[in-house]
Amino acid sequence: MGQNEFVKLIAPFKDKVFRLAKRLLISSEEAEDATQEVLVKLWSRNKNLDDYSNVEAFAMTMTKNYCLDQLKSKRAGNLQIVHNDFVNNEPSSEKILEDKDSLDWVEKSINQLPEQQRLIIQLRDVEQYEFEEIAKILDMNETAIRVALSRARKTVREYMTKAHSYGIK
């Protein structure tokens, strides 16, 4: 497989690889490094990529494993937390602040979930993967994924309700 063919193969999902890495590692810099590492590993296997039925799922699994390794390593203590600024030019400044605050609360609630639930909610609700694909990436059965996703969503919903109804009875 040539370089151009490889680029065409990975182009549709390389942003998904980055977003998954960012969700797990928090830091944009670390996520960029992880994405680059995964793409380099894929390139080193470019002669065998045709053996995989779903290269995207394989790349997502590699990303998950790489990020978990990074989190377990000593470097995990040095990760920098970076927040995204969500800016929309049309709404008022007040609306922008409210939206940002809500997104921060959602992100904070997702980051408090157990690791497996965090991965599942990222893959299903953010990346829009089907349950079958998530099952392959995480090496789980679909029923367990549905249960974990339901619990994760319920936990996020409860956290958000609790945060926004504080002092209101």
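Analyst: A residue counts as buried when its relative accessible area is under 20%. The model shown here is predicted.

User: Why is Asn46 called buried?

Analyst: Asn46 has a relative accessibility of 6%. The limit for buried is under 20%, so Asn46 counts as buried.

User: Where does Asn46 lie, and which residues is Asn46 in contact with, leaving aside its neighbours within four places in sequence?

Analyst: Asn46 sits in the loop between helix 3 and helix 4, the latter being residues 55–72. With those sequence neighbours set aside, Asn46 contacts Met1 and Phe6.

User: Is Glu30 buried or exposed, and how do you know?

Analyst: Glu30 has a relative accessible area of 16%. Buried requires under 20%, so Glu30 is buried. Glu30 belongs to helix 3.

User: What makes Ile26 partly exposed?

Analyst: The relative accessible area of Ile26 is 22%. Partly exposed covers what lies between the buried limit of 20% and the exposed limit of 50%, so Ile26 is partly exposed. Ile26 is placed in the loop between helix 2 and helix 3. Its phi is positive, about 70°, although Ile26 is not a glycine.

User: Why does Gln128 count as exposed?

Analyst: Gln128 has a relative accessibility of 56%. Exposed means over 50%, so Gln128 counts as exposed. Gln128 is in the loop between helix 6 (115–126) and helix 7 (131–138). Gln128 has a positive phi, near 65°, and is a residue other than glycine.

User: How many of the residues of the protein count as buried, as a percentage?

Analyst: The share is 35% of the 169 residues. The accessible surface of the protein comes to about 10,900 Å². Carbon and sulfur atoms account for 48% of that surface.

User: How many helices and strands does the protein have?

Analyst: There are eight helices and zero strands. Read from the N terminus, the order of elements is α-α-α-α-α-α-α-α. As for contacts between residues at least 6 apart in sequence, 66% join residues at least 24 apart.

User: Why is helix 2 called roughly parallel to helix 4?

Analyst: The axes of helix 2 (residues 14–25) and helix 4 cross at roughly 25° and come within 9 Å of each other. An angle under 35 degrees counts as roughly parallel, so helix 2 is roughly parallel to helix 4. Helix 2 and helix 4 cross in a right-handed way. Helix 2 brings Lys16, Val17, Leu20, Ala21, Leu24 and Leu25 to the contact, and helix 4 brings Glu56, Ala59, Met60, Thr63, Lys64, Cys67, Gln70 and Leu71. By type, the residues of the contact of helix 2 with helix 4 are nine nonpolar, two polar and three charged.

User: What makes helix 1 and helix 3 oblique to each other?

Analyst: Helix 1 (residues 3–10) packs on helix 3 (residues 28–44) at an angle of about 130°, and their axes are 11 Å apart. Roughly perpendicular ends at 115 degrees and roughly antiparallel starts over 145, with the angles between these counted as oblique. Helix 1 and helix 3 are therefore oblique. Their crossing is right-handed. Gln3, Phe6 and Ile10 of helix 1 make the contact with Leu39, Leu42 and Trp43 of helix 3. The residues of the contact of helix 1 with helix 3 are five nonpolar, one polar and no charged.

User: How do you know whether helix 5 and helix 8 are oblique or roughly antiparallel to each other?

Analyst: Helix 5 (residues 93–111) and helix 8 (residues 142–164) have axes that cross at roughly 135° and come within 9 Å. Roughly antiparallel needs an angle over 145 degrees, so helix 5 and helix 8 are oblique to each other. Helix 5 and helix 8 form a right-handed crossing. Ser102, Trp105, Val106, Lys108, Ser109 and Ile110 of helix 5 meet Val156, Tyr159, Met160, Ala163 and His164 of helix 8. The residues of the contact of helix 5 with helix 8 comprise seven nonpolar, three polar and one charged.

Key. Residues are numbered from 1 along each chain as its sequence is written. This is a predicted model: local features need pLDDT of at least 70, side-chain atom pairs count only at pLDDT 80 or more; totals for chains, interfaces and linings use all residues. Side-chain values use heavy atoms; hydrogens and water are left out. Helices (H or I, at least four residues) and strands (E, at least two) are DSSP runs, numbered from the N terminus. Buried means under 20% relative accessible area, exposed over 50%, partly exposed in between (1.4 Å probe, protein chains only). Contact means heavy atoms within 4.5 Å. Accessible areas come from the Shrake-Rupley method with a 1.4 Å probe; for residues, only the protein chains shown count as cover. Axes are lines fitted to C-alpha atoms, for helices over the stretch in contact, and angles run from 0 to 180 degrees between N-to-C directions. Angles under 35 degrees count as roughly parallel, over 145 as roughly antiparallel, 65 to 115 as roughly perpendicular and the rest as oblique. A crossing is left-handed if the near helix is turned anticlockwise from the far one by less than a right angle, and right-handed if clockwise. Ala, Val, Leu, Ile, Met, Phe, Trp, Tyr, Cys and Pro count as nonpolar, Asp, Glu, Lys and Arg as charged, and the others, Gly among them, as polar.
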